[in-house]
Number of protein chains: 2
Amino acid sequence: MTPPLLVQFAGGDHGPWRVTEQRTLCGEPLPAVPRLEVLEGAHAPPPASWVLRASTGNLRYTTRAERDDLRQAQEGLNRPASTRAVLIPIRKTPAWWELAQDERRAILEEQSRHIAIGREYMPAIARRLHHGRELGEPFDFLTWFEFAPEDAPAFDKLLARLRETAEWAFVDREVELHLTRA
Amino acid sequence: MTPPLLVQFAGGDHGPWRVTEQRTLCGEPLPAVPRLEVLEGAHAPPPASWVLRASTGNLRYTTRAERDDLRQAQEGLNRPASTRAVLIPIRKTPAWWELAQDERRAILEEQSRHIAIGREYMPAIARRLHHGRELGEPFDFLTWFEFAPEDAPAFDKLLARLRETAEWAFVDREVELHLTRA
């Protein structure tokens, strides 16, 4: 399906993903749930403890050269071996959104190497970014990662590296849900 | 109110703006309506022939230097003398959205001078841009312009100049509603 694709992440008692760990890194927590369901496209909101909505969209910072390299390197979602997933909802500060485009790009990539760090973990760690800010949602971004169990340590390393960057000083709410395909 | 601000533009029999002219530049027309209502923030959709929804948001292409200059130059909406308004809903082609960030910026500003052309008509022509794409709306952008009657010829010139640019080759649906405060 052509983007933007609306995706709903519903936390509650149903869904094919079992929540094995739920952590709040900063800001208000999300109520703890045992299961997660992911619904793509137009659906009535499912019965759930909470539903987070966001849309895939066009690239906001990536240059043509970076995009071509990423497309070469990455693999898609739903690989049979990808029985682990992590959902990371993030909100950035008003100060971030007040920055101009060139300032945000400089922090994200020239200073923080966000795109380059993610690239190093491809194709093992597949991901899809969803934008929630324009939808009036509580989180600006929902990033969905998928990988095989043996790549879980690499994923932890990727996360730790990103969280040390200058960009992460602009994150004021962040939650982490670790998931296993039930 | 801090962005994003959700705005609904409702075309029908009600509202403080009288439609004096409605044109389709390309793509599917919008049903003709005599009045327009503009609703900011969370509201149930009003009874109307059609309702277009979009959100204000962060700057997508503007650099810090350009932003500072624009802020200095521009005036806000709702000036008492601004009894004319124009709403321009636009959709861009899949080819546009497929471009990387640096390619879109180069077409928008380095080639087409979109930001610089708009700047020349400040403060007379005030405007606010709203993003609809992530909301699954039929138009990617709704731009709202406000000005005094004597600045209508300048506005026409601004529009004509933008429509001659390389950027406009990526527009595949565009409608124009001219409005007068009733």
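**Exercise 1.** In this predicted model, find which residues Glu174(B) is in contact with, leaving aside its neighbours within four places in sequence.

*Solution.* 
- Start by locating the residue: Glu174(B) sits in strand E8 of chain B, which covers residues 171-181.
- Now list the partners. They are Arg23(B), Thr24(B), Leu25(B), Cys26(B), Ile88(B), Pro89(B), Ile90(B), Arg163(B) and Trp168(B).

**Exercise 2.** Decide whether Glu174(B) is buried or exposed.

*Solution.* 
- Grab the relative accessibility of Glu174(B), which is 2%.
- Compare that with the cut-off: buried means under 20%.
- So Glu174(B) counts as buried, because its relative accessibility is 2%.

**Exercise 3.** Work out how chain A and chain B meet, going from contacts and area to charges.

*Solution.* 
- Count contacts: 23 residues of chain A touch 23 residues of chain B.
- Go polar: 16 residue pairs are in polar contact between chain A and chain B, both partners being at pLDDT 80 or more.
- Ask what chain A brings to its side of the interface. By class, that's eight nonpolar, five polar and ten charged residues.
- Finish with the charges: eight salt bridges cross the interface. One of them pairs Glu134(B) with Arg60(A), whose closest N and O atoms are 2.5 Å apart.

Definitions and conventions
Residues are numbered from 1 along each chain as its sequence is written. Chains are lettered from A and ligands numbered from 1 in the order in which they are written. This is a predicted model: local features need pLDDT of at least 70, side-chain atom pairs count only at pLDDT 80 or more; totals for chains, interfaces and linings use all residues. Side-chain values use heavy atoms; hydrogens and water are left out. Helices (H or I, at least four residues) and strands (E, at least two) are DSSP runs, numbered from the N terminus. Buried means under 20% relative accessible area, exposed over 50%, partly exposed in between (1.4 Å probe, protein chains only). Contact means heavy atoms within 4.5 Å. Buried area is the accessible area (1.4 Å probe) that two parts lose on being put together, summed over both. A salt bridge is a side-chain nitrogen of Lys or Arg within 4 Å of a carboxyl oxygen of Asp or Glu. A polar contact is a pair of N or O atoms within 3.5 Å; within protein, one must be able to donate a hydrogen and the other to accept it, and residues adjacent in sequence count only if both atoms are side-chain atoms. Ala, Val, Leu, Ile, Met, Phe, Trp, Tyr, Cys and Pro count as nonpolar, Asp, Glu, Lys and Arg as charged, and the others, Gly among them, as polar.
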